[in-house]
Amino acid sequence: LATSPMFHLSGLYATIALQLALGGKLVMRSGRFDEAELIRLMARERVSAFAALGSMGPRIARHPELAKHDLSCVENVGFGGAPVSPAVQELLRRAFPNASAAQGIGYGSSESVSAPTTIRGAEFQRHPTSAGRVIPTHELEIRDPDGKALPEGVEGEIHIRSAYVMLGYWGKPDATAATIKPGRWLATGDIGRFEDGLLYINSRARDMILRNAENVYPVEIEYRLEQHPSVREATVFGVDHDDWGQAVKAVVVPEPGASPSSADLARWCSETLAAYKVPTEWEIRRDPLPRNASGKVLKDVVRGASRSAFVEE
C-alpha cells in the first residue's frame, strides 16, 4: 500500500522504486487520507505491507471499520519520518498481529537519500526506542560541535556518509556548505548516540529545551505521555520562562471520551522522569495535532509561531 508521500524517502525509494525493481504490486489511491477507505482497500487488494507514518497507523488501528475486515494479509508494518513511541508500536501489533514479527523502523532524511540505519522484528521489540544498526553501505559518526567524533554512549550530532548522500541543495551553495562537511559527510542536525551498536535519536537539535541549565529532550516526555491510557497523541516543546530560561510545555490530545487533568498527567510523567523533565505548562485540546505529509508534528504551528500549509477541508 503506497501511502507515503512520493517525495519522501519512504515513498519514492522504499516503496515505489523498490517495488518497480522487484516487480511487486503497488496499491495506490488519490484524495485525502481516509481511514475507513484505506482499511477496505487493504482488505480488498490483500495488501501485505504498508508504512504507518505519523498519525496514520494509530488512526487506522483505532477505527471501528478495522474489526469488520480480514486483514491477516498484512505481514509488514513499517515506521519512519518521525520517532514512534512504544505505545504506538504496541497498538499496531495488536491491530496487525501477523505483522508484529516484521515490524520495523528506519532512520534517514531527504538529504541522505537512503536509510543508513534500520531495525525490525525481535530486536525492535527488545529496543523499541532505537533507530537500529548502520547498514553496510553507510558510515555514521556522532560528533561534537567542533566536528570531533565521539565515543559510544556520548550524544552529539549525527553525520552520515555514503554513495547516496545528496550532492547539494539546488541553487543554495551556502546551505550546501553548511550541511555537507569535508569528506562529503552529511551533517543531519539530529542529536543521537550509539549504545551496543544501536543508534538512539533523542530529538532534533532545535527542539532541545534548556530548562534551568538542564538539557531536556522532548521525545522522551512525548513517549511517556503516549503511554497514558487516556492520551491519543502529545507534543512537547520549550516556552520562555523568566527564571529558568525555558519551561517545558506539553500539548495533549486525549482519547475520545477521556478527560485527563494536567495534575494527573504530571503525576504520570513524574513516575519515570526526573522532576526537571515533567512539564509545568499544559494544554489539552480535542483537535488532532497538525502534521506535515511525512507525519511529523508541526511544532511551530502548535506554538502559534506559524500557520499550517496543510488545510483540512
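This is a short chat about the packing in a predicted model.

Trainee: Which residues have the most contacts inside the largest nonpolar core?
Mentor: Phe50, Val74, Val77 and Phe96. That core has 31 residues.

Trainee: Which elements give two or more residues to it?
Mentor: Helices α2 (35-45), α3 (56-61) and α4 (86-95), plus strands β2 (76-79) and β10 (198-204). α2 gives the most, with five residues.

Trainee: What is phenylalanine 50 in contact with, leaving aside neighbours within four places in sequence?
Mentor: Leu1, Met42, Ile60, Val74, Asn76, Val77, Gly78 and Phe96.

Trainee: OK, what about the second core, how many residues there?
Mentor: 16, and it is separate. Val216, Ala266, Cys269 and Leu273 are among them.

Trainee: Switching to helix α8. Which of its residues are buried?
Mentor: Leu265, Ala266, Trp268 and Cys269, in a helix that covers residues 262-270.

Trainee: Why do they line one face of the helix?
Mentor: Look down the axis of α8: the buried residues fall within an arc of 160°, so they line one face. In general, an α-helix has 3.6 residues a turn, so residues three or four places apart point the same way.

Trainee: What do those buried residues pack against?
Mentor: α7 (218-226), β13 (231-241), β14 (245-254) and β15 (281-284).

Trainee: New topic. Isoleucine 119: buried or exposed?
Mentor: Buried, because its relative accessible area is 2%, and the cut-off is under 20%. Isoleucine 119 is in strand β4 (residues 117-120).

Methods: Residues numbered from 1 in each chain as written. Predicted model: local features only at pLDDT ≥ 70, side-chain atom pairs only at ≥ 80, totals over all residues. Heavy atoms only, no water. Core = buried A, V, L, I, M, F, W, Y, C linked by side-chain atoms within 4.5 Å. Buried < 20%, exposed > 50% of the residue type's maximum accessible area, 1.4 Å probe, protein only. Helix = DSSP H or I, 4+ residues; strand = E, 2+ residues; numbered from the N terminus. Contact = heavy atoms within 4.5 Å. Arc of directions from axis to C-beta.
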